[in-house]
Amino acid sequence: MSAATNTTARQGFLALELDGDGAHPAAWRAAAHAPAALLSGDRIRATVLAAESAGFHAATFADGPVDAQLSRPGVGAAGRLDAVQRAAFASPLTRSIVLVPQVDTVFTEPFHVATQLASLDYVSGGRAGWLVSASGTAAEGAAVGRTAVAGDGLAGEAAASIEVGRRLWDSWEDGAVVRDVASGRYLDVDQLHYADFDTEKFFPAEGFPGAGYSVKGPAIIPRPLQGQLPVLVPAELFAQLPDPSAADAVLVSAPSTELLATEVAELRGRLDGAGPAPAIIAELDVVLDARGQSAADRVAALDAHTPWHNPRARYVGSAEGLVELLAEVLAAADGVRLHPAVVDVDVEELSRLVLPALRRRGTLAPTLVDGTFRDLLGLGRPANRYTAEREEGERNE
Amino acid sequence: MSENTEIGSGFRPSGQLQFGVFFQGVNSGTIWKAPEAGSQTDFESFRRLAQTAERGLFAAFFLGEGLRLREHLGRPHALDVAGRPDAQTMLAALAAVTTKIGLVATQNTTYNDPADLAHRLSSLDLLSGGRAAWNVVTTDNAWTGANFRRGGYLDHADRYRHAEAFVETAKRIWDAWDDGAIAGSTAAPGWAAPDSIRRVRHEGQHYSVDYVPRLPRSAQHRPVLFQAGDSSEGRDFAARQADVIFSAHAKFDAALDFRRDIVARTLKAGRGANDVQIMPASEFILAATAAEALEKKEWVRSLQIGPRQAIAYLEQFWGRELSSYDPDGPLPEIDPVVEETSETRGSGFHGAKARQLADQWRAEAKDKGLSIRQFVSAKTSRVDATFTGSYAEIADRLGDYARAGAVDGFNISPWLVPSGLDDIVNHLVPELQERGIYPTEYGGSTLREHLSLPVPVRSADASPVSAASDVDTAGDDIRLELAVRSQQL
């Protein structure tokens, strides 16, 4: 049963952000390991298995530059492993949890990104997704010899990069690997297609707001197991995309927990009637009472080291209160992504008290068994854009 | 075997061999027509091959890369296995289901950014506990560049300078964190010690980098570097920068000559005679008896090069369709339509003099009485690199390599996926171990330890300096002309 096809009681899914030691910049001080052990395979294994056994439907992996104010004491972790690789490492260790790395669209090569994500879909057995980011900062640009990108440029870069990915993922039709011994053909060349992406053609009216580029294709890897990986886009970027159907899910933030369900409902209202609507995933920071300490005391202790500023709604309190809040938000959203303040502390409480209670209430969708991320989102297997074209062409011959 | 197997120049043979396995993914050497041929993309194929190699104490699992799908006469090439996962993504997944084996990613310097590629390799190195390696390749053609924003912007000669500046920048990125940079406990004043991480800057002809590296050194300090260039410039590049050469010289005498040449170049580059190791590409066709092995070889060859592959191989040089020719008949009498074979198209024949070659080949085939199929099979079977025989016989032959120090090991391309290493691991490895020329356990936990490579010296500019520490490099380090093999591995 998927989130979108359930008609009796609305059921949602829960995602867990697993980056670093948690959402709080001082989380490393409350972690159950030596600081250097963060950057290891063992750490990924431990956290992703904890998330899967707790019953989370998805894990996400943030990426991008870390706080580079290196000479200031008290700063958070300055190290971060590549997100696609973290998700890939987690893949063979897990069976059901969906694995979604954040991948930049501004300063990356779209061809590499598409190949890496398709590969992640193969190693995870169809459990991969793409959390699109487009921050465009000067520091990120300088690393690759480019300058900052802002405003319209960000949405343009993101839209172009997503389109490249989607074309390349379709550039091998599902039946392209024929292995036909009789004819000696491993591939059916008629089922391979050039992506022929060009920013000039893709942005005809207003033009591409940066230096244009093209990508030829076909992909160097067959079509992903899911056909197309689900693409997740933050709401502020989504609002600027030239074609909203580029996104399969939108991540929505609100300034407070009280406003979160409202924000979700408003977005849903705006999307209604405008074609197939993307799933809506609400963003929530979480700090729970734990280990004899109140959540508020835990935040205060961490804030004393490094203040925590962040535009997301934040829940600070008991497990029972969080269950109520999540039930309310999940009545409006398709899913909620939790950002635990401290992974090693909060995930334990979520696992022990929050997910079981939500499951008893029937609020949560079942976890996937041999399913794909698309299944979780209620998306069918997508048609291949080139298959229809080819079959049309063959009919006209 | 040559009379004089002495290497000289202070080189000390280790007396040992190491194996690597090369999962090719795109080539005519991997059989797909047999029922036991598995998937080229399913994770289980990769897992099985890597775990078999690890059971056989292989030093390394090696993945290739080609950044544009091969083409034949203007359309994707249909006859060979093709379509493979991204090397580093796959290796990161394999790192979770293996514990010892090295993980080698072929990655191109031309279509990557140094900061991004160095970061991802460093990430793989940490994830795997110090088992990552980079096989450095460069390509310069606009045909491949058409898949990239940055395009195919390098002049043929330029790519060599570009590659070395790239590798040196990567090394600086890997060396940018002091060993004690990360706090030893959660009570430390900060996660990273002040001034323990250096910014890396490079301003050059081809790219500029201004980057604060995001990862510390790994258990093996930094990824091991493989290199496959075979021209004089490529060999010099390897002598200066690489830890291991993935060579093309597996035949004993050629391997000895290659070793002597590399030792001389390595000494000239100011490194030790044993500092650069050599592992030639190779293929093993083994059985209990020599006769059975020969029979197996016939079977393998017939499946690698079928009638259509034989014709297609000639078409690459002739530049025209030859499907009306009988694969079991003589080579075409008509001439190639091109003066030179066109751009690489992923097949590695850049600039061959087509007409001249056609004349030569016709004469050669006529001389030896070979049909198209027989001729192409001989041309593509890498005669040098194939070891065919009984387990004991081949183990004896490999003993000669070990004693002389002709090579440090072999990088084996299995002709079947995923079962292609079973014979080697089950039968050849024990024979080699009995002869005392193959490890009986892993030499440690990192790839560098398995290969007994020296601990790398930190990049010269990477000694701790004060805040806002900058590592600058001016110019593109155009000290030397470098050659790096353009072949897409």
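Visitor: How many bridges join E1(B) to strand E14 (residues 409–412) of chain B?
Guide: In this predicted model, strands E1 and E14 of chain B run parallel to one another. Within this pairing, Val21(B) has Ile412(B) as its bridge partner in E14(B). The number of bridges that join E1(B) to E14(B) is 4.

Visitor: Which residue in E2(B) stands opposite Val21(B)?
Guide: E1(B) is also joined to strand E2 (residues 60–63) of chain B, and these two strands run parallel, with 4 bridges between them. In E2(B), the residue that stands opposite Val21(B) is Phe61(B).

Visitor: How many of the 6 residues of E1(B) are buried?
Guide: On one side of E1(B) are Gln18(B), Gly20(B) and Phe22(B), and on the other are Phe19(B), Val21(B) and Phe23(B), and both of these faces are covered. The strand is largely enclosed by the rest of the structure, because the count of its buried residues is 6 of the 6.

Visitor: Is Phe22(B) buried or exposed?
Guide: Phe22(B) lies in strand E1 (residues 18–23) of chain B, and, leaving aside residues up to four places away in sequence, it touches Phe62(B), Gly64(B), Ala281(B), Asn411(B), Ile412(B) and Ser413(B). A residue is counted as buried if 20 or more other C-beta atoms lie within 10 Å of its own. Because Phe22(B) has 26 C-beta neighbours inside 10 Å, it counts as buried.

Visitor: Which strands of chain B stand at the edges of the sheet?
Guide: The sheet is an open one of 10 strands with parallel pairing, in the order E11-E10-E9-E6-E5-E2-E1-E14-E12-E13 of chain B. A strand at the edge has a single partner strand, so one side of it is left without a neighbour in the sheet. The strands in that position are E11 (277–278) and E13 (386–390) of chain B.

Visitor: Which residue in E11(B) is the bridge partner of Val244(B)?
Guide: Strand E10 (residues 244–245) of chain B pairs with E11(B) in the parallel sense, over 2 bridges. In E11(B), the bridge partner of Val244(B) is Gln277(B).

Visitor: At roughly what angle do the axes of helix H5 and helix H6 of chain B cross?
Guide: The axes of H5 (residues 158–174) and H6 (residues 232–241) of chain B come within 11 Å of one another. Angles under 35 degrees count as roughly parallel, and the crossing angle makes H5(B) roughly parallel to H6(B). Where the two helices meet, Tyr160(B), Ala163(B), Glu164(B) and Val167(B) in H5(B) are set against Glu233(B), Phe237(B) and Gln241(B) in H6(B). The axes cross at roughly 10°.

Visitor: Which element gives the largest share of the side of chain B that touches chain A?
Guide: In the contact between the chains, 68 residues of chain B meet 61 residues of chain A. Among the elements that give two or more residues to this side of chain B are helix H1 (43–55), helix H3 (114–127) and helix H9 (307–318). By class, the residues on this side divide into 38 nonpolar, 16 polar and 14 charged. The largest share, 8 residues, comes from H3(B).

Visitor: Is His221(B) exposed or partly exposed?
Guide: His221(B) is found in the loop between E8 and strand E9 (224–227) of chain B, and its phi is positive, about 75°, although it is not a glycine. Another residue other than glycine with a positive phi is Ser9(B), near 55°, and Ser9(B) counts as exposed with 11 C-beta neighbours inside 10 Å. His221(B), with 19 C-beta neighbours inside 10 Å, counts as partly exposed.

Visitor: Where in chain B is Pro418(B) found?
Guide: The peptide bond that leads from Val417(B) to Pro418(B) is cis, and its omega is near 5°. Pro418(B) is found in the loop between E14 and helix H13 (422–434) of chain B.

Visitor: Over which residues of chain A does pLDDT stay under 50?
Guide: Chain A averages a pLDDT of 93, and 95% of its residues score at least 70. Where pLDDT is low, the predicted coordinates should not be read in detail. In chain A, pLDDT stays under 50 over residues 1–8.

Conventions. Residues numbered from 1 in each chain as written. Chains lettered and ligands numbered in written order. Predicted model: local features only at pLDDT ≥ 70, side-chain atom pairs only at ≥ 80, totals over all residues. Axes fitted to C-alpha atoms, helices over the stretch in contact; angles between N-to-C directions. Parallel < 35°, antiparallel > 145°, perpendicular 65-115°, else oblique. Contact = placed C-beta atoms within 7 Å. Nonpolar A, V, L, I, M, F, W, Y, C, P; charged D, E, K, R; others polar. Buried ≥ 20, exposed ≤ 12 C-beta atoms within 10 Å, placed from the backbone. Pairing = 2+ DSSP bridges. pLDDT = per-residue confidence, 0-100.
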